[in-house]
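Colleague: I'm new to this one and would like a close look at a single part of it. Could you walk me through what sits inside?

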Amino acid sequence: MSTFLLEIVTPERKVYAQDVNMVIVRGLQGELGIMPGHIPLVTPLQIGPLRIKKGNEETVVAVNGGFVEVRKDKVVVLAESAELSGDIDPERAQAARQRAEQRLTGKGSDVDRKRAELSLQRAINRLEVKKGF
């Protein structure tokens, strides 16, 4: 079975670097499945799960925006942040979700709605990845 190198990199660290059979990312226009031999491209990513298929195993990573670059023999995900399912603390993610929801339902005019909405999306993404969506 053909493989390619997948690297998931954040500003802080390299989260993942292994040969894989397929990766499924959530781009701006929807999900994109990438397999060996895919045409080169660069596209922005939405906040959402990234699924990695390696043999019969599937790994899910919570990716919070960024870009994916597909090269001839390598795929690089440059993410704002990324967490493997096993690294997610569900209590912390739930607390972040509650804070974001409180900000969005608050009456104050000093609330940055876009920032609160993005915080909520990130928290929901982390919770979904943790529970296996």
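Which residues have the most contacts inside the largest nonpolar core? Take your time over that part, and then show me what surrounds it.

Modeller: Happy to. Keep in mind that this is a predicted model. The largest nonpolar core has 20 residues, and those with the most contacts inside it are Leu6, Ile8, Val23, Leu50 and Ile52. Six strands each supply at least two residues of this core: β1 (4–9), β2 (14–20), β3 (22–27), β5 (41–54), β6 (57–70) and β7 (74–79). Of these, β6 gives the most, with four residues.

Leaving out residues up to four places away in sequence, Leu6 touches Tyr16, Ala17, Gln18, Val20, Val23, Ile52, Val75 and Val77. Val23 and Ile52 in that list are also among the residues with the most contacts inside the core.

Val42, Phe67 and Leu78 make a nonpolar surface patch of about 300 Å². Phe67 is found in strand β6, and it counts as partly exposed because its relative accessibility is 45%, between the 20% and 50% cut-offs.

With the core in mind, let's step back. The protein has two helices and eight strands, and from the N terminus on the elements run β-β-β-β-β-β-β-β-α-α. Of its 133 residues, 38% are buried. Among contacts with a separation of 6 or more, 49% are between residues 24 or more positions apart. The C-alpha trace spans about 55 × 25 × 25 Å along its principal axes.

Last, have a look at helix α2, residues 113–131. At 1.5 Å a residue, its 19 residues should span 27 Å, and its end C-alpha atoms are 27 Å apart, so the two agree. The buried residues of α2 are Ala116, Ser119, Leu120, Ala123, Asn125, Arg126, Leu127 and Val129; they pack against β5, β6, β8 (82–84) and α1 (90–105). One of them, Arg126, has a relative accessible area of 7%, so it counts as buried, the cut-off being under 20%. Not counting residues up to four places away in sequence, Arg126 touches Ala62, Glu83, Ile88, Asp89, Arg92 and Ala93.

Definitions and conventions. Residues are numbered from 1 along each chain as its sequence is written. This is a predicted model: local features need pLDDT of at least 70, side-chain atom pairs count only at pLDDT 80 or more; totals for chains, interfaces and linings use all residues. Side-chain values use heavy atoms; hydrogens and water are left out. A nonpolar core is a set of buried Ala, Val, Leu, Ile, Met, Phe, Trp, Tyr and Cys residues joined through side-chain atoms within 4.5 Å. Buried means under 20% relative accessible area, exposed over 50%, partly exposed in between (1.4 Å probe, protein chains only). Contact means heavy atoms within 4.5 Å. Patches are made of residues with over 30% relative accessible area and no salt bridge: like charges are joined within 9 Å, nonpolar side chains (Val, Leu, Ile, Met, Phe, Trp, Tyr) within 5 Å. Accessible areas come from the Shrake-Rupley method with a 1.4 Å probe; for residues, only the protein chains shown count as cover. A salt bridge is a side-chain nitrogen of Lys or Arg within 4 Å of a carboxyl oxygen of Asp or Glu. The expected span of a helix is 1.5 Å times one less than its number of residues.
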